[in-house]
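This briefing goes through the fold, the core, the cavities and some individual residues of one protein. Please look over the sequence and the model before reading on.

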Amino acid sequence: MAYRAQQINPWFGVGAAALVAALILGTLGVVAFHAPNAARLGPSDWTAVRFTISQAFLSALLSVVFAIPVARALSRRRFKGRGTLITLLGAPFLLPVIVAVMGLLAVFGRSGWVSHGLEFLGLPPVPIYGFHGVVIAHVFFNLPLATRIILQGWSGIPAERFRLAAQLGFSARDVMRHMEWPMLKRAAPGAFAIIFAICLSSFAVALTLGGGPRATTVELAIYQAFRFDFDLGKAALLAAIQLVLAGSAAMLALWVSQGQGGFGKGLDRELERWNEGSRGMDFIAIAAAVLFLLVPMFAVGSRGLTALPSLPSVVWLSAWSSIQVALLSAGLAFFLSLSIALAVTRFAWIESVGLLAIAASPLVIGTGLFIVIFPVASPQNWAFVVTACVNAMMALPFSLRVLIPAVQDVCDDYGRLALSLGVSRWGMLRLVILPRIRAPLGFAIGLAAALSMGDLGVVALFAGTGEATLPLQIYRLMGAYRMDAAAGAALLLAMLSFGVFWICDTWGRRGA
């Protein structure tokens with residue numbers, strides 16, 4: 001095995017994983033310990049639990065169901081700009097939640113384009129607030145993720161299999177039955193489980209589109225327990241329930257992905273499909289996905305462009321704060337994800353500790369840290385630092401999924417050679433691993449920075465009235481009904497998020 005022949009010290013990664021576990025479980029214990037009374041959940045809390053599970057289940061189901069025809073169309077069609085289109089379909093995942101919400105309101109809101117069209121036809125408008133709005137927003141964010149996962153499954157079928165199917169006279173139904181359906185049975189459950197886990201911990205979507213007590217997620221109920229009741233016991237109990245639910249879904253996704261069997265190796269030829277199927281249906285699937293995902297972003301850009309030059313100074317100050325938080329968060333995510341990825345080559349179980357962050361409550365982690373900080377310093381002075389730490393933790397599962405396969409490939413290919421040449425541990429890292437994982441490393445850092453730039457979580461709970469990151473400032477502008485200024489600030493936030501991701505990703509791919 002390659003892990004026996006490489007000179008990588010895994011103990012930094014073990015320490016990083018221990019730090020992650022301590023921040024997730026330790027802060028939960030701190031909050032529960034400082035609760036004055038034993039916690040009990042009322043009817044409204046159980047309503048929030050049921051709403052969270054139901055919206056997460058439907059959001060994940062619709063994301064996967066709609067992603068299948070889109071991924072199938074992209075897998076069997078070759079056209080000019082296909083690569084650019086696939087890249088653009090991933091844009092909503094990087095788009096800050098508050099920006100996407102504004103775009104969805106512009107398209108599906110009561111005064112939006114779709115509602116005007118339905119009103120012209122004599123039909124009622126789309127209910128954007130409440131259960132429907134939360135599901136629409138989650139499908140908007142997670143449809144690209146499901147599409148990329150399932151498209152990767154289609155790309156994993158060797159081109160020789162389709163060539164053989166054509167020689168045997170397979171119809172489109174035969175190809176689906178013997179090749180595509182077995183692949184979907186392996187790829188779709190993993191995509192469903194990971195999207196279900198992501199939707200369980202939804203906060204910003206429910207905060208802006210929830211529309212009342214009946215449309216409250218567990219994470220939003222935790223926020224309300226802190227913000228309005230300061231009931232630490234209830235918050236800790238809700239966080240434990242969320243940790244169990246989302247953690248189970250994340251572990252299921254990891255188990256499904258590890259247990260997948262492939263279709264064997266091919267000759268890496270370009271995929272050719274002799275059984276093309278319906279071109280019209282493929283065009284409709286791709287066009288519908290493009291309209292659903294890109295039109296809301298166009299709506300934000302068109303409205304915010306005119307308001308961008310006249311933004312108040314407080315927005316620019318908030319933008320600078322967001323940049324600082326994003327850079328600090330990206331640095332922390334780089335250290336944690338790289339250390340854990342290196343350790344996974346020796347101890348595979350460590351990856352599950354990193355994925356535990358997808359099930360954690362950012363608000364509970366932040367509150368636990370503030371309880372620890374309070375005896376020695378003012379928590380508001382550390383609001384941005386704590387926000388950066390929590391954002392780094394939330395980006396960790398995605399960074400690990402990008403880095404771990406790349407690090408394992410390098411260690412498998414060059415571990416024995418480095419050992420035979422007497423390369424030191426530092427030399428192995430500096431001369432072999434880092435240069436060869438530079439592209440996925442730049443992508444992971446950019447992803448962490450972009451996600452942190454658009455996060456509306458801990459900072460909404462603990463930032464003072466005179467300080468805010470840009471997402472929080474946009475939320476305040478929307479609350480004050482300054483929609484033009486909010487649109488301009490949203491456009492600025494989107495440009496900063498995509499800009500920081502592009503800089504990091506370009507650095508990684510240049511000279512890799």
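What percentage of the contacts in the protein with a separation of 6 or more comes from residues 24 or more positions apart? The share is 84%, where contact means heavy atoms within 4.5 Å. This is a predicted model, in which local features need pLDDT of at least 70 and side-chain atom pairs count only at pLDDT 80 or more, while totals for chains, interfaces and linings use all residues. Residues are numbered from 1 along each chain as its sequence is written, and side-chain values use heavy atoms, with hydrogens and water left out.

**Overall make-up**

- The protein has 22 helices and 0 strands; helices (H or I, at least four residues) and strands (E, at least two) are DSSP runs, numbered from the N terminus.
- Of its 512 residues, 54% count as buried; buried means under 20% relative accessible area, exposed over 50%, and partly exposed in between, with a 1.4 Å probe and protein chains only.

**Nonpolar core**

- The largest nonpolar core contains 170 residues; such a core is a set of buried Ala, Val, Leu, Ile, Met, Phe, Trp, Tyr and Cys residues joined through side-chain atoms within 4.5 Å.
- Helix α17 (residues 383-420) gives the largest share of this core, 14 residues.
- I222, F226 and I474 have the most contacts inside the core.
- Not counting residues up to four places away in sequence, F226 touches V31, L232, A235, L363, V364, T367 and L461.

**Cavities**

- There are 4 cavities of 30 Å³ or more in the structure. On a 1 Å grid over the protein atoms alone, a cavity is a set of points where a 1.4 Å probe fits but cannot get out, and lining residues have an atom within 4 Å of a point.
- The largest cavity holds about 740 Å³ of space; grid points are joined across faces, edges and corners, and a volume is the space filled by probe spheres set on the points.
- The largest cavity is lined by 34 residues, and V97, I198, S201, L451 and D455 are the closest to its centre.
- Elements that give two or more residues to this lining are α4 (91-94), α7 (131-155), α9 (172-200), α10 (204-209), α16 (362-373), α17 and α19 (438-453).
- Helix α17 supplies the largest share of the lining of the largest cavity, 5 residues.
- By class, that lining has 24 nonpolar, 8 polar and 2 charged residues; Ala, Val, Leu, Ile, Met, Phe, Trp, Tyr, Cys and Pro count as nonpolar, Asp, Glu, Lys and Arg as charged, and the others, Gly among them, as polar.

**Aromatic pairs**

- The count comes to 8 aromatic pairs. Rings of Phe, Tyr and Trp (its six-membered ring) pair if their centres lie within 6.5 Å; planes under 30 degrees apart count as stacked, over 60 as edge-to-face and the rest as tilted.
- The F57 and F192 rings have centres 5.5 Å apart and planes at 80°, so this pair is edge-to-face.
- F57 is in helix α2 (residues 43-76) and F192 in helix α9, so the pair ties together parts that are 135 residues apart in sequence.
- F57 counts as partly exposed at 45% relative accessibility, and F192 counts as partly exposed at 22%.
- The F443 and F501 rings are also edge-to-face, because their centres are 5.4 Å apart and their planes at 80°.
- This pair links distant parts of the chain, with F443 in helix α19 and F501 in helix α22 (residues 483-509), 58 residues apart.
- F443 counts as partly exposed at 30% relative accessibility, whereas F501 counts as buried at 13%.
- One aromatic cluster is formed by F108, F140, F141 and F292.

**Individual buried residues**

- S63 lies in helix α2 and is buried, with a relative accessible area of 0%.
- Leaving out residues up to four places away in sequence, S63 touches H138, V139, N142, L143, A146 and I195.
- A187 is in helix α9 and is buried at 9% relative accessible area.
- A187 and G153 are 34 residues apart in sequence, with their C-alpha atoms 6.2 Å apart.
- N391, in helix α17, is buried at 5% relative accessible area.
- Residues up to four places away in sequence aside, N391 touches V325, S329, S452 and D455.
- D505 lies in helix α22 and is buried, with a relative accessible area of 13%.
- D505 is in contact with G442 and F443, leaving aside its neighbours within four places in sequence.
- The C-alpha atoms of D505 and F443 are separated by 4.7 Å, although the two residues are 62 residues apart along the chain.

Key: 1 Å grid on protein atoms, 1.4 Å probe; cavity = no way out; pocket = protein on both sides within 12 Å on 5 of 7 lines; lining within 4 Å.
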